[in-house]
Amino acid sequence: MVDVGYHASGTCAMGKADNPNAVLDSRLRVRGVRNLRVADVSSIPKVNNGHTQMVAYGIGEGAAEMIKEDAAGNHFLKLTADVKSMAVQ
């Protein structure tokens with residue numbers, strides 16, 4: 001018996017604001033919930049023919065970049081950078 005496993009995907013639809021079935025916007029943000037993103041294979045519409053691991057890595061990398069872009073003007077990130085510069089070496 002060969003078990004190929006089950007890789008759930010496509011459970012969180014991404015789409016425009018006027019799409020009632022779309023729970024994610026194009027930046028992986030959950031509509032109606034502040035500061036929550038979905039960064040896994042549930043955001044892709046169809047499962048690929050191979051393993052979902054590399055797809056998940058790519059989504060995670062993209063989500064990290066989006067989070068950094070969205071937080072660029074955030075005061076906390078500036079404060080964190082200042083604290084790091086004051087650290088004793």
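Q: Leaving aside neighbours within four places in sequence, which residues is Ser43 in contact with?

A: Contact here means heavy atoms within 4.5 Å. By that rule, and skipping its neighbours within four places in sequence, Ser43 touches Cys12, Met14, Leu24, Leu28, Val38 and Ile59. Keep in mind that this is a predicted model, where local features need pLDDT of at least 70 and side-chain atom pairs count only at pLDDT 80 or more, while totals for chains, interfaces and linings use all residues. Residues are numbered from 1 along each chain as its sequence is written, and side-chain values use heavy atoms, with hydrogens and water left out.

Q: Is Ser43 buried or exposed?

A: Buried means under 20% relative accessible area, exposed means over 50%, and partly exposed is in between (1.4 Å probe, protein chains only). Ser43 has a relative accessible area of 9%, so Ser43 is buried. You'll find Ser43 in the segment before α1; helices (H or I, at least four residues) and strands (E, at least two) are DSSP runs, numbered from the N terminus.

Q: What should I make of phi at Leu28 and Asn35?

A: Most residues other than glycine have a negative phi, and most peptide bonds are trans. Leu28 has a positive phi, near 65 degrees, and Asn35 also has a positive phi, near 65 degrees. Leu28 is in the segment before α1, and Asn35 lies in the segment before α1 as well. Leu28 is buried at 5% relative accessible area, whereas Asn35 is exposed at 76%.

Q: How do I read the sides of helix α1, and which of its residues are buried?

A: An α-helix has 3.6 residues a turn, so residues three or four places apart point the same way. In α1, the buried residues are Ile59, Ala63 and Met66. They sit on the same side of α1 because they cover an arc of only 60 degrees around the axis, the arc being that of the directions from the helix axis to the C-beta atoms. On the face turned away from that buried side are the exposed residues Met54, Glu61 and Lys68.

Q: How many salt bridges does the structure hold?

A: Side chains of opposite charge can pair when their charged atoms come close. The cut-off: a side-chain nitrogen of Lys or Arg within 4 Å of a carboxyl oxygen of Asp or Glu. There are six salt bridges here. One of them pairs Arg29 with Asp25 at 2.7 Å, N to O; Arg29 is partly exposed at 33%, while Asp25 is buried at 13%.

Q: Which parts of the chain does the salt bridge between Arg27 and Glu69 link?

A: The side chains of Arg27 and Glu69 meet at 2.9 Å, N to O. This pair links distant parts of the chain, with Arg27 in the segment before α1 (53-70) and Glu69 in helix α1, 42 residues apart. Asp70 also forms a salt bridge with Arg29, with the closest N and O atoms 3.6 Å apart. Asp70 lies in helix α1 and Arg29 in the segment before α1, so this pair ties together parts 41 residues apart in sequence. Through shared partners, salt bridges join Asp25, Arg27, Arg29, Arg37, Glu69 and Asp70 into one network.
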